[in-house]
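Please open the model in your viewer and keep the selection panel at hand.

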Amino acid sequence: MSCLMVERCGEILFENPDQNAKCVCMLGDVRLRGQTGLPAERRGSYPFIDFRLLNNTTHSGEIGTKKKVKRLLSFQRYFHASRLLRGIIPQAPLHLLDEDYLGQARHMLSKVGMWDFDIFLFDRLTNGNSLVTLLCHLFNTHGLIHHFKLDMVTLHRFLVMVQEDYHGQNPYHNAVHAADVTQAMHCYLREPKLASFLTPLDIMLGLLAAAAHDVDHPGVNQPFLIKTNHHLASLYQNMSVLENHHWRSTIGMLRESRLLAHLPKEMTQDIEQQLGSLILATDINRQNEFLTRLQAHLHNKDLRLEEAHDRHFMLQIALKCADICNPCRIWEMSKQWSERVCEEFYRQGDLEQKFELEISPLCNQQKDSIPSIQIGFMTYIVEPLFREWARFTGNSVLSESMLRHLAHNKAQWTSLLSTQHRRGGGGDHGGPGTEKAEQVAEGDSP
């Protein structure tokens, strides 16, 4: 196989046009050869997952020219991604807003550390630009731009890449979810038990990992990719398939944007590795692994946050909490997130049914109701983790507030489930038992 070089997303050059290159693609995805160390991935946004392409495997010999490679990409995706990598920000995301909206967005940013921060309102006020706006603000307020001597234009370009790599058509795994997780992470980084030990590098890693932890999420879960023989499942040997893809895509964008190019090579390699460790920790299948470790540390009282290793572990826990904190938000926001994630599940179930595949757990709208899914998720996934987080923080004001919201929201869903049963409505009529918890762990986090 000849040497493969990527100059722009979707533009592939060969040493010899007659030779073939084997491309690892996710519906036209292109893996980049990293400069050093880990391989990276980079892509542009693409339409909702096309089942006809799921089982397509790109074999050597199937792609012979650059022109044929480009045909794998939609025009919109190729045009959009290549413009981004040339540093040309598309006209649409310029977001020319009325001054009143900008003023309201700025006012909201002054309260970004409050737990009742309304990310949906903020996204509307920034015309769908919540992730970029939030990250620019947080990098500035945490002093990261000055400390790491970051170029503001390059930072903005990188954040636009990240935001645009989320799929807006996903009801849940989109850039608003990333912004919500980032805002939660910011709140957790300010917890007194943790904040006094954090270095600027810790803070930057935490915010970057939160912003990019679900980048390029296709709107279906790992079991779906495995049972459809998707090449990413093969590439990552069915282990943390999506999380590995999110991480490698993030590395690709960091390198392409050259955001950290001025830093020492050893430092950038360390940043890439730590970002990977943080993002991989969000795999819901590793929930018990991290929960058990946290419980052991708290029982033995052996966390030494002066040590980089222990700080990194708590950053992993903080990111896991931020990723599944929706049930701990106020009811109005929590309910909206619950409906969004279940809509994404149901879309996957409809796709599976259409193509005569076994419907994945939690994805059958006729059997799995939103209340039953949420009650099981809260009981077996969220509550155990947030109880231990509260122990770590010494029952801080924020931790106690989150646990109160969690209890209230669970009571609300329980009431709604009872109402469904009385009316004889559709959905799961059983209680949220152990089987439901196992189903949650096998799928994606609601």
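Select serine 240, which is buried because its relative accessible area is 12%; buried means under 20% relative accessible area, exposed over 50% and partly exposed in between, with a 1.4 Å probe and protein chains only. Serine 240 sits in the loop between H13 and helix H14 (241-257); helices (H or I, at least four residues) and strands (E, at least two) are DSSP runs, numbered from the N terminus. Its phi is positive, about 45°, although serine 240 is not a glycine. The model is a predicted one, in which local features need pLDDT of at least 70, side-chain atom pairs count only at pLDDT 80 or more, and totals for chains, interfaces and linings use all residues. Residues are numbered from 1 along each chain as its sequence is written, and side-chain values use heavy atoms, with hydrogens and water left out.

Next, select asparagine 229, in the loop between helix H12 (222-227) and helix H13 (231-235). Asparagine 229 also has a positive phi, near 55°, and is a residue other than glycine. Is asparagine 229 buried or exposed? Asparagine 229 is exposed, with a relative accessible area of 53%.

Now show the whole protein. Its secondary structure comprises 21 helices and four strands. Of its 446 residues, 57% count as buried. The accessible surface, by the Shrake-Rupley method with a 1.4 Å probe and, for residues, only the protein chains shown as cover, comes to about 19300 Å², of which 50% belongs to carbon and sulfur atoms. A contact means heavy atoms within 4.5 Å; among contacts between residues at least 6 apart in sequence, 76% join residues at least 24 apart.

Leucine 294, in helix H16 (residues 287-300), is the next selection. At 0% relative accessibility, leucine 294 counts as buried. Which residues does leucine 294 touch, not counting those up to four places away in sequence? They are Phe313, Met314, Ile317, Glu388 and Trp389. The C-alpha atoms of leucine 294 and glutamate 388 are separated by 7.3 Å, although the two residues are 94 apart along the chain.

Move to helix H17 (residues 308-323), whose 16 residues should span 22 Å at 1.5 Å a residue; the end C-alpha atoms are 22 Å apart, which agrees. The expected span is 1.5 Å times one less than the number of residues. H17 is mostly covered, with 14 of its 16 residues buried.

Colour the cysteines next. A disulfide is counted where a pair of cysteine sulfur atoms lies within 2.5 Å, and by this rule the count is zero. Cysteine 321 is in no disulfide, the nearest cysteine sulfur being that of cysteine 328, 8.1 Å away. Cysteine 321 is buried, at a relative accessible area of 0%.

Proceed to helix H19 (residues 370-393) and select isoleucine 375 within it. Isoleucine 375 is buried, with a relative accessible area of 5%. Its C-alpha atom is separated by 8.8 Å from that of alanine 411, 36 residues apart along the chain.

Remain in H19 for tryptophan 389 and phenylalanine 392, three residues apart, about one turn of the helix. Rings of Phe, Tyr and Trp (its six-membered ring) pair if their centres lie within 6.5 Å; planes under 30 degrees apart count as stacked, over 60 as edge-to-face and the rest as tilted. The whole structure holds eight aromatic pairs. One of them joins tryptophan 389 and phenylalanine 392: a tilted pair, 5.4 Å centre to centre, with 45° between the planes. Both residues are buried.

At tryptophan 115, arginine 329 lies over the ring face, 3.9 Å from the ring centre. A charge sits over a ring if NZ of Lys or CZ of Arg is within 6 Å of the ring centre and within 35 degrees of the ring normal. Arginine 340 lies over the face of tryptophan 337 at 5.7 Å.

The last stop is helix H20 (residues 397-423), which reaches 39 Å from first C-alpha to last. Its buried residues include Leu398, Met402, Trp413 and Leu417. Their cover includes helix H9 (175-189), helix H18 (331-354) and H19. H20 is followed by glycine 424, with a positive phi near 70°.
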